[in-house]
Amino acid sequence: MVRGRRRFFRNSVFLLASIAFAVSSLKQRLRAVDAFADVTDAVGLKGLGGGVAAWVDYDADGWVDLWASGQLWRNIKGEKFERAENQPAGGAGIWADIDNDGYPDFFCWEGTGRLSLNRQGKSFEDITKNMPPLPTKISLGAVSGDFDGDGLVDFYVGGYEIWAKVIGFPDVIYRNLGKGKFEESWRTKARMQPGRGITAADFDEDGDLDIYISNYRLQPNLLWQNDGKGNLADVATPFGTAGDGGLGAWGHTIGSSWGDFDNDGHLDLFVGNFSHPPAYQDRPKFLRNKGPAAKFHFEDKSAAAGLRWQESYASPTLGDFDNDGLLDLFFTTVYAGNRSVLYRNTGNWKFEEIPNAAGMNTEKTYQGAWGDFNGDGYLDLVTGGKLFRNPGGDGSWIKVQLVGKRKVNRSAIGSQVRIRLGDKILVRQVDGATGQGNQNDSVLHFGLGKTKGAVLIEVRWSNGHVQKAKGDINKTVKIICSK
């Protein structure tokens, strides 16, 4: 009888503890989200364009600046922005330090392409003459990265289409030869396989950047696996999910984003499919990277993720907006009546929609990029020609700024940082682009929840070197490649 009472007591305690944990988890999941504040005019960004955007600290003063719609805006100590006196050439484009001098340069993929060399944040020199004209004619996206492992940033440019004339344009790689010069080193055959968003990630963890192509017109998407020397092989079908035909195929994919949704240390993929009502067109997809045990194949986790359907989903971008340690999703739309959405990651491949996108549910835009413009440790968002300031909270954070040396490009594009919290591994990568043509801040942001004290940081540089460091929470840690 006594043993029975003890067993009943233990079971009761366990049940009560389980209920308390469930209630606590539910409260955490349903916690309110304060609205992001539209500070566009208040910080001097009146007239900000709604075209694709990039966060970049072009003058290396420690405050991330903003490029949007062919306009460069200088961040003045996180308090206001002003138009930069000197502007690089061209419109839509991405930033990367092509000459490893510490100042990111600008590549515009529109038209025949334009390249501007950043002269120590004070002026820009048009060096377009140093690269062959683009064969794409029409492009909607490009990505930077050191694809051949020589320590210099290259460019992969996607080719789009002229639909009415049934003309498709090739993709092309521009290889960096040093001293500001480039050569065309690779191209696809011209085809009706129109690429839109171009993203890159070392998904198979072999130390080089692989490239994912978001194709439109119900064409199979491509996953170019890199052998480390810039030789590419499409592995979308063999590395895809059962019956998929190519990692998000059969949709009108506009933009996609790499990020670790489940904190297992492997980069997953979100495929941003625009989809008309017929059921045969793929909806947006959450694809889980199963890691080395499964040869880095992907598992489709979309069905239970909770993303509601809208026809005109366009450009996604990932960031931990609430600093709970889980990557969240912001996703734009481009049809009247559809609205951009913000989905909070609640763990276990479940996502909940934040009502009214926390005040950021803009209409008809491809613009979406995260960056902490005021340095408070919470990610802010530019979308729809507006800057929205994150209301913040009580979650811990750390930001990591990587600086490459020797055989690592100075921008550290392609390098990854891992932070272990209990049985979870948070991983972030310095990206060359996200979604369709946008670019998040290259300073890596980690939400750490209730973590206190210092954390251990592991850097996997793009040259394969592994470096460890320690960083205090609620600070930015600068790490320079040591080998």
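Guide: The side chains of Arg217 and Glu161 form a salt bridge, with 2.7 Å from N to O. The model in which this pair is found is a predicted one. Arg217 is in the loop between strand 17 (210-215) and strand 18, while Glu161 belongs to strand 12 (residues 161-162), so the pair ties together parts that are 56 residues apart in sequence. The two partners may also be described by their accessibility. Arg217 has a relative accessible area of 25% and is therefore partly exposed. Glu161 has a relative accessible area of 5%, so this residue is buried.

A further salt bridge joins Glu352 and Arg344, at 2.4 Å from N to O. Glu352 counts as buried because its relative accessible area is 13%, under the limit of 20%. Arg344 is likewise buried, with a relative accessible area of 2%. Salt bridges can also share partners: Asp148, Asp150, Arg175 and Glu183 are joined in this way into one network.

The count of salt bridges comes to 20. One of them is formed by Arg114 and Asp126, whose closest N and O atoms are 2.8 Å apart. Since Arg114 lies in strand 8 (residues 114-119) and Asp126 in strand 9 (residues 123-126), this pair ties together parts that are 12 residues apart in sequence. Arg114 is partly exposed, at 33% relative accessibility. Asp126 is partly exposed as well, at 36%.

We now turn to the aromatic rings. The count of aromatic pairs comes to 25. Among them is the pair of Trp186 and Trp224, which is edge-to-face, with 5.2 Å from centre to centre and 85 degrees between the planes. Trp186 is in strand 15 (residues 181-187) and Trp224 in strand 18 (residues 222-226), so that the pair links distant parts of the chain, 38 residues apart. Trp224 counts as buried, at 11% relative accessibility.

Phe261 and Phe351 also form an edge-to-face pair, with 5.5 Å between the centres and 90 degrees between the planes. Phe261 lies in the loop between strand 20 (252-259) and strand 21 (268-274), and Phe351 lies in strand 27 (residues 350-353), so this pair ties together parts that are 90 residues apart in sequence. Both Phe261 and Phe351 are buried. These two residues belong to one aromatic cluster, which also includes Phe270, Phe286, Tyr313, Phe331 and Trp349.

Key:
Residues are numbered from 1 along each chain as its sequence is written. This is a predicted model: local features need pLDDT of at least 70, side-chain atom pairs count only at pLDDT 80 or more; totals for chains, interfaces and linings use all residues. Side-chain values use heavy atoms; hydrogens and water are left out. Rings of Phe, Tyr and Trp (its six-membered ring) pair if their centres lie within 6.5 Å; planes under 30 degrees apart count as stacked, over 60 as edge-to-face and the rest as tilted. Helices (H or I, at least four residues) and strands (E, at least two) are DSSP runs, numbered from the N terminus. Buried means under 20% relative accessible area, exposed over 50%, partly exposed in between (1.4 Å probe, protein chains only). A salt bridge is a side-chain nitrogen of Lys or Arg within 4 Å of a carboxyl oxygen of Asp or Glu.
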